[in-house]
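Work through the exercises below with the sequence and the model side by side, and try each task before reading its solution.

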Amino acid sequence: MKLYNTLSRKLEKFVPLNGNLVTIYTCGPTVYDYAHIGNFRTFCFEDLMRRYLKFRGFKVKQVMNLTDVDDKTIRKATEQGLGLDDYTERYIDAFMEDCRTLNLEPVEVYPRATRTIEDMIALVSTLLEKGHAYEKDGSVYFNISSLPTYGRLSGLDRREIRSGVSVDSDEYEKDDVRDFVLWKGKKEENEPAWESPFGEGRPGWHLECSVMSMKNLGETLDIHAGGEDLIFPHHENEIAQSEAATGKPFVRFWVHCKYLIVEGKKMSKSLGNFFTLRQLLEKGYDPMAIRYTLIAAHYRKQLNFTFDSLDNAGKAISRVESFYNAVNQTANREASSEDVTKLIQRYREQFTAAMDDDLNISGGLGALFEFIREINTNYPDSQVPQGNKKEVLAFLDELNTVIACFNFGEELADEEIMKLIDERNQARKDRDFSRADEIRDQLKGMGIVLEDTRDATRFKRLK
Ligand code: AMP
Ligand code: ZN
């Protein structure tokens, strides 16, 4: 399996450091607001990577931190007159709920920055002892000129680097290469602060991730992922802090997901194209269509999120689900055929080859749809031989452990069936018989047959 490593700017063969176990750190949400669909593009991509590694037989230990103290969370909590924990708690809960909605597999550890302060203080002390950091006006800064490799990840020109000039804010621009803050001395009276050997204060955002990753995964991790905006300064600074402290390589594979834009434009509140997941759900969009849209484009290409793409995702999902149900309900009486087994093998290989190539999901989904098309060409109405039914369904289930957008085998609720029946009756009134037949067939595929009587349409579920 190959992954593109931002550090080497090359596709590299991925092999974990320790046997079969893959250690992954993914920068989690800053819990100052509801996460937006751009954030979820990155989180869904990371989920796809995790699920695919498991599909390939690896064991995964993934850590996703919750940034519950930084410039943004403090500002918001103060604006609302709330304690930091009271403020962030509701967004942590909301985030977890959103993750479930999008079928993101829970990761192994979700550390919170505010619960890891002791370890952060220890790392700052180490950096001070080793001469990589200095104290100034009650804060502690990392001296970037003390580390010759600084700038390697983001490819900074060393000449631009202004060491000895320090920056306090958590986020800053690429041309502003300065000594960054590790520990911020307390300035305002009501600011959240912790005691430390360098005075009362709080950790810088970059420090938080170095500590939460190494604490849970060891000093060298296999994969560290996040959105492309994090390459500089966040990840560059994480490398600096970790490697200056341990003298070991911090991360073997840096994997970055490109940005999501909406209808061709950068998401922004002023353009009215800024959407949280919750806002899309309120508009009535299906969470699985959202997930599909977010994962279906390769992670190293910018994703242009459009409402058309959501509609198309919905259709793609129904095509796969209807196929599954049709196979499940209506096999032909033939004994099993070698041909079907061979097709499954061929398309499993095609799926795996695509995904092995830097998680080329478009190729992976292509394999699934070609498989369906080929079965339907060989077996009209998806009626595969009785003896192959199980393996076809198992293959679809297997691919769905990675794609995780399809709801197989779940029965339609009575109300949903009634809604379809009403729609069919309306179509018949409108003399749109092809739509009416389509609905009847769709239900039949799910094992639901309709009986038209003089005054109503009834339905029966087949066993
Ligand atoms: P934050 O909550 O701002 O720390 O961001 C959480 C994750 O979402 C990080 O990995 C960001 O890089 C990522 N992210 C933020 N905006 C976008 C976007 N528009 N498209 C893709 N990923 C994003
Ligand atoms: Zn981070």
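Predicted model: local features only at pLDDT ≥ 70, side-chain atom pairs only at ≥ 80, totals over all residues.

Residues are numbered from 1 along each chain as its sequence is written, chains are lettered from A and ligands numbered from 1 in the order in which they are written, and side-chain values use heavy atoms, with hydrogens and water left out.

**Exercise 1.** Find what helix 6 should span, and compare this with the distance between its end C-alpha atoms.

Solution. Helices are DSSP runs of H or I with at least four residues, and strands are runs of E with at least two, both numbered from the N terminus. The expected span of a helix is 1.5 Å times one less than its number of residues. Helix 6 covers residues 231–246, so its 16 residues should span 22 Å, and the end C-alpha atoms, 21 Å apart, agree with this. As a next step, consider burial, where buried means under 20% relative accessible area, exposed over 50% and partly exposed in between, with a 1.4 Å probe and protein chains only. Because 16 of the 16 residues are buried, helix 6 is largely enclosed by the rest of the structure.

**Exercise 2.** Which residues coordinate the zinc ion (ligand 2)?

Solution. Donors are N, O and S atoms within 2.8 Å of the metal (3.2 Å for Na, K and Ca), and sites may look incomplete, since water is not among the atoms. The zinc ion (ligand 2) is coordinated by SG of C27, SG of C209 and NE2 of H234, at 2.0 to 2.2 Å. C27, in the loop between strand 3 (21–26) and helix 1 (37–55), and H234, in helix 6, are 207 residues apart, and the pair links distant parts of the chain. C27 is buried, with a relative accessible area of 6%, and H234 counts as buried at 1% relative accessibility.

**Exercise 3.** Describe the aromatic pair of Y285 and F307.

Solution. Rings of Phe, Tyr and Trp (its six-membered ring) pair if their centres lie within 6.5 Å, and planes under 30 degrees apart count as stacked, over 60 as edge-to-face and the rest as tilted. The Y285 and F307 pair is tilted, at 5.4 Å centre to centre and 40° between the planes. Y285 lies in the loop between helix 7 (277–282) and helix 8 (287–295) and F307 in helix 9 (residues 307–329), so the pair ties together parts 22 residues apart in sequence. Finally, F275, Y285, F305 and F307 form one aromatic cluster.
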